[in-house]
Amino acid sequence: MTAKSSPNCARCVKGDCHPPIKAGETPPMDRLPAFCPMRHQPEVIEKAVAEYNNPEVKEFARQASKQEFEGYEQLPDGLRKPKNPRILELIQFARKCGYKKLGLAFCVGLHNEARTLTEILENNGFEVVSVCCKVGAVAKESIGIKPEEKIFGAENWESMCNPIAQAEILNSERVDLAVMLGLCVGHDTLFIRYCHRPLTVIAVKDRVTGHNPLAPLYTSSTYYAYLMGKGKKKPPPPF
Ligand code: SF4
């Protein structure tokens with residue numbers, strides 16, 4: 001169980017960090033929930049906000065915020081309609097930042113997608129370098145994987161995923177922006193740790209849902225109720 005004073009924005013129903021007030025008004029700070037980080041860690045937030053005084057960081061944040069704004073069409077009735085798929089946003093944002101050379105770190109299971117994405121990015125004027133997760137052709141045994149833990153069978157060669165090499169190659173290529181495509185849970189963690197270039201994600205790996213890991217959340221009260229574990233409200237039977 002999470003302690004009350006630990007940040008727990010996921011459980012917040014008030015959302016006083018984004019109140020429906022007019023520009024220039026002050027957000028209410030007197031009714032924050034007990035688990036609100038604005039209540040318990042104001043000094044951390046203040047230090048973080050000071051980081052935006054760095055001109056380079058500020059400009060990057062400004063471009064990201066502009067990209068967010070441009071993701072919507074403002075409708076006459078005051079509503080907003082989202083309009084750009086993430087691939088287009090990647091192209092637009094890279095242009096905003098003046099990036100020319102993009103580095104794709106992709107999973108071998110998404111080789112076709114990597115090829116298509118490369119073509120799209122090149123057709124939009126970018127230089128693209130790409131590195132597959134199996135780069136190096138290093139046997140899985142070298143990191144302690146047992147023969148019976150190999151996906152394609154004990155008797156077969158199996159290259160380990162090598163996210164550190166992917167990151168170091170993109171570092172050495174000095175890409176303007178590294179783009180992760182479909183790396184596995186854990187391999188992505190290593191890639192992020194070793195990549196020293198600006199980094200974004202175009203897609204994450206989900207072998208079951210066509211790389212849409214949120215899909216089970218949308219049916220978590222029916223088909224994916226088992227993910228909730230025991231003792232939760234009994235879901236309606238799926239049909
Ligand atoms: S920052 Fe505070 S007000 Fe905002 S979502 Fe988190 S708990 Fe809620």
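Two ground rules before we start. Residue numbers count from 1 along each chain, following the sequence as written. The model is predicted, so local features need pLDDT of at least 70 and side-chain atom pairs count only at pLDDT 80 or more, while totals for chains, interfaces and linings use all residues.

Domains, then. There are two: domain 1 covers 35-83, and domain 2 covers 85-205. Those bounds come from an automatic or database domain assignment. Taken over C-alpha atoms, the centres of domain 1 and domain 2 are 27 Å apart. Each side gives five residues to the contact, five from domain 1 and five from domain 2. Contact here means C-beta atoms, placed from the backbone, within 7 Å of each other. On the domain 1 side, what touches domain 2 is three polar and two charged residues, with no nonpolar ones. For those classes, Ala, Val, Leu, Ile, Met, Phe, Trp, Tyr, Cys and Pro are nonpolar; Asp, Glu, Lys and Arg are charged; the others, Gly among them, are polar.

Now the ligand. Which residues are around it? The list runs Cys9, Cys12, Lys14, Gly15, Asp16, Cys17, then Leu32, Pro33, Phe35, Cys36, Pro37 and Met38. A residue makes that list if its C-beta atom, placed from the backbone, lies within 6 Å of the molecule. By class, the shell has nine nonpolar residues, one polar and two charged.

On to helix 3, residues 55-70. Helices are DSSP runs of H or I, at least four residues; strands are runs of E, at least two; both are numbered from the N terminus. Helix 3 has 16 residues, and at 1.5 Å a residue it should span 22 Å. That expected span is 1.5 Å times one less than the number of residues. The end C-alpha atoms of helix 3 are 22 Å apart, which agrees.

Is helix 3 buried or in the open? The number of buried residues in helix 3 is zero, so helix 3 lies largely in the open. Buried means 20 or more other C-beta atoms within 10 Å of a residue's own; exposed means 12 or fewer; partly exposed is in between; the C-beta atoms are placed from the backbone.

Phenylalanine 69 sits in helix 3. It has 10 C-beta neighbours inside 10 Å, so phenylalanine 69 counts as exposed. Proline 82 is 13 residues from phenylalanine 69 in sequence and 9.7 Å away in space, C-alpha to C-alpha. Glutamate 70 is in helix 3 too. With 14 other C-beta atoms within 10 Å, glutamate 70 is partly exposed. From glutamate 70 to glutamate 141 is 71 residues in sequence and 48 Å in space, C-alpha to C-alpha.

Helix 4 next, residues 86-96. Here Leu90, Phe93 and Ala94 are buried. They cover an arc of only 100° around the axis, which puts them on the same side of helix 4. That arc is taken over the directions from the helix axis to the C-beta atoms. What covers the buried residues of helix 4? The cover includes helix 3, strand 3 (101-106), strand 5 (177-181) and strand 6 (199-203). After helix 4 comes glycine 98, with a positive phi near 75°.

Stay with strand 5 for a moment. Alanine 178 lies in strand 5. It has 25 C-beta neighbours inside 10 Å, so alanine 178 counts as buried. Alanine 178 touches Gly103, Ala105, Leu170, Cys195, Arg197, Pro198 and Leu199, leaving aside residues up to four places away in sequence. Take arginine 197: 19 residues from alanine 178 in sequence, but 6.3 Å away in space, C-alpha to C-alpha.

Last, some backbone angles. Most residues other than glycine have a negative phi. Alanine 137 has a positive phi, near 50°. Alanine 137 is in the loop between strand 4 (127-132) and helix 6 (163-172). It has 9 C-beta neighbours inside 10 Å, so alanine 137 counts as exposed. Histidine 211 also has a positive phi, near 65°. Its place is the loop between strand 6 and helix 8 (215-218). With 18 C-beta neighbours inside 10 Å, histidine 211 counts as partly exposed.

Conventions
Contact = placed C-beta atoms within 7 Å.
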